[in-house]
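Please look over the sequence and the structure shown below before reading on. The report is meant for someone meeting this model for the first time.

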Amino acid sequence: MKLAAGTLVIRNGQLVDGTGAAPVPDGVVVAHAGRITFAGPVNQAPELPPDAQQIDAGGGTILPGLVEAHYHPTYFNVADLDIKYPVEYVTLLAAANAKLALECGYTAARSGGSLHNIDVWLKRAIENDIHLGPRLAASGREICGSAGLMDWNPDYLQLGMQGLILLVNGADEARAAARKLVKDGVEWIKTYPTGDAASDHADHHSLCMTFEEMAAVVSEAHNYKTKVTGHCRANEGIKNALRAGFDTLEHGTFMDAEALDLLMARNTPVIPALQFELASVERGPSFGMSQKVVDGHQETLDAGCESARMILRAGGRIGLGGDYGFAWNPHGDYAKEISFFVNYVGFTPLEAIRCATLNGAEIMGRANEFGTLAPGKLADVLVVDGDVIADIRLLEDRRRFVAVVQGGVVKAGRLALAA
Ligand SMILES: [Zn+2]
């Protein structure tokens with residue numbers, strides 16, 4: 001991705017650096033050639049060249065670009081996930097979703113799984129400046145045990161699912177599936193250790209992979225410097241994933257004290273993705289969701305919030321993102337996850353912003369490049385009209401965005417529209 005030429009100055013706003021530190025009331029960010037050279041109070045700023053590009057934050061907030069840590073670019077606001085569309089159409093939808101995510105202030109995202117191998121190539125198009133979108137980490141297709149959460153079509157229909165999921169039976173098949181994905185170019189392998197409230201046959205307390213299958217995926221992935229994550233709801237599945245050496249946990253819903261101890265001993269990040277559960281409870285019935293499934297989402301919501309609080313209290317790491325791309329939880333609503341953690345789970349705005357910036361960058365293994373406003377990092381910056389700390393929901397409204405900056409280049413927001 002090309003970096004800006006020259007010097008950029010973003011001034012006249014409170015500076016929230018992404019570390020969780022208190023905001024700097026009158027802050028300024030200076031970037032040269034796309035990288036931050038100064039971030040701090042205006043009275044300590046260096047002398048600036050007269051030809052520097054200026055962004056006036058208008059008394060609003062200057063913060064790091066947001067990181068979506070569980071992003072599904074190929075989900076397209078459907079009520080039912082399935083492979084009903086050709087790869088050509090889904091690719092175009094994914095491209096539109098990526099542009100939308102950037103417009104929503106997300107300058108980076110980690111895929112939580114993609115149909116076909118679309119996110120691997122979407123990432124390439126974004127990196128080569130062919131298309132606008134977040135800096136991506138790609139996952140490609142996902143791995144699940146046969147009969148698990150993602151294996152929902154009865155066998156007698158003889159429908160292929162290979163564009164979405166690699167179904168495995170036993171450690172050898174799990175290893176073979178991991179090898180295929182490594183060859184496809186993914187950076188993360190997404191697995192399904194457990195079921196979900198959404199499933200008729202594999203609910204949120206069931207296991208969808210054996211420990212041996214999970215360990216086989218991890219050993220093969222790590223051999224090729226690829227990371228592993230998994231959809232982990234049931235307590236035993238969470239423990240299996242931690243013992244198998246997963247690099248992150250998606251959801252981490254039903255955690256007992258032993259699971260928390262295992263998590264803390266490994267310092268494994270968790271991406272709860274909880275606003276989806278609230279949206280499912282509130283809006284699912286209008287899309288035909290059964291009461292049994294709604295009840296399961298409510299149970300997931302309650303336990304997920306409690307686990308998130310437990311992890312925060314224990315000093316663990318949480319990333320924010322979450323399964324946007326269902327009809328009741330559509331693309332574009334990404335920042336509702338941040339508000340949810342403040343207004344529903346009880347995180348402070350600064351804690352939630354840290355989860356959505358620095359922790360996201362750490363999850364992507366790129367915290368040395370972005371995630372905070374600090375010298376040496378890429379100038380990935382979000383400039384918002386208004387006090388985000390006083391009202392976190394301002395992040396949900398992209399009409400409030402003065403600028404979304406990636407590598408020092410204004411890519412979205414009012415200033416991009418005006419240009
Ligand atoms: Zn997901």
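The sections below cover the basis of the model, its metal site, its salt bridges and its surface.

## Basis of the model

This is a predicted model, in which local features need pLDDT of at least 70 and side-chain atom pairs count only at pLDDT 80 or more, while totals for chains, interfaces and linings use all residues. Residues are numbered from 1 along each chain as its sequence is written, and side-chain values use heavy atoms, with hydrogens and water left out.

## The zinc site

Which residues coordinate the zinc ion? The donors are His70 through NE2, His72 through NE2 and Asp323 through OD, at 2.0 to 2.1 Å; a donor here is an N, O or S atom within 2.8 Å of the metal (3.2 Å for Na, K and Ca), and because water is not among the atoms, sites may look incomplete. Along the sequence, the spacing of these donor residues is H-x1-H-x250-D. His72 lies in the loop between strand 5 (66-71) and helix 1 (87-103), and Asp323 in the loop between helix 8 (291-314) and helix 9 (336-345), so the pair ties together parts that are 251 residues apart in sequence. Helices (H or I, at least four residues) and strands (E, at least two) are DSSP runs, numbered from the N terminus.

Are His72 and Asp323 buried or exposed? Both His72 and Asp323 are buried, where buried means under 20% relative accessible area, exposed means over 50%, and partly exposed lies in between (1.4 Å probe, protein chains only).

## Salt bridges

Side chains of opposite charge can pair when their charged atoms come close. A search of the whole structure finds 24 salt bridges, each defined as a side-chain nitrogen of Lys or Arg within 4 Å of a carboxyl oxygen of Asp or Glu. One of them joins Lys99 and Glu103, with 3.0 Å from N to O; both residues lie in helix 1, four residues apart, which is about one turn of the helix. Lys99 is partly exposed, with a relative accessible area of 35%, and Glu103 is also partly exposed, at 26%.

Lys190 and Glu142 form another salt bridge, their closest N and O atoms being 3.6 Å apart. Lys190 belongs to strand 10 (residues 188-192) and Glu142 to strand 8 (residues 142-145), so this pair ties together parts that are 48 residues apart in sequence; both Lys190 and Glu142 are buried. In the salt bridge between Arg313 and Glu306, the closest N and O atoms are 3.5 Å apart, with Arg313 exposed at a relative accessible area of 63% and Glu306 partly exposed at 35%. A network of salt bridges links Asp172, Arg175, Arg179 and Glu220.

## Surface patches

Asp203, Asp295, Glu299 and Asp302 form a negative surface patch. Patches are made of residues with over 30% relative accessible area and no salt bridge, like charges being joined within 9 Å and nonpolar side chains (Val, Leu, Ile, Met, Phe, Trp, Tyr) within 5 Å.

Tyr156, Leu157 and Leu159 make a nonpolar surface patch of about 360 Å², with areas taken from the Shrake-Rupley method with a 1.4 Å probe. Leu159 is placed in the loop between strand 8 and strand 9 (165-168).

Methods
Lys, Arg positive; Asp, Glu negative; His and termini not counted. Charge placed at Lys NZ, Arg CZ, Asp CG, Glu CD.
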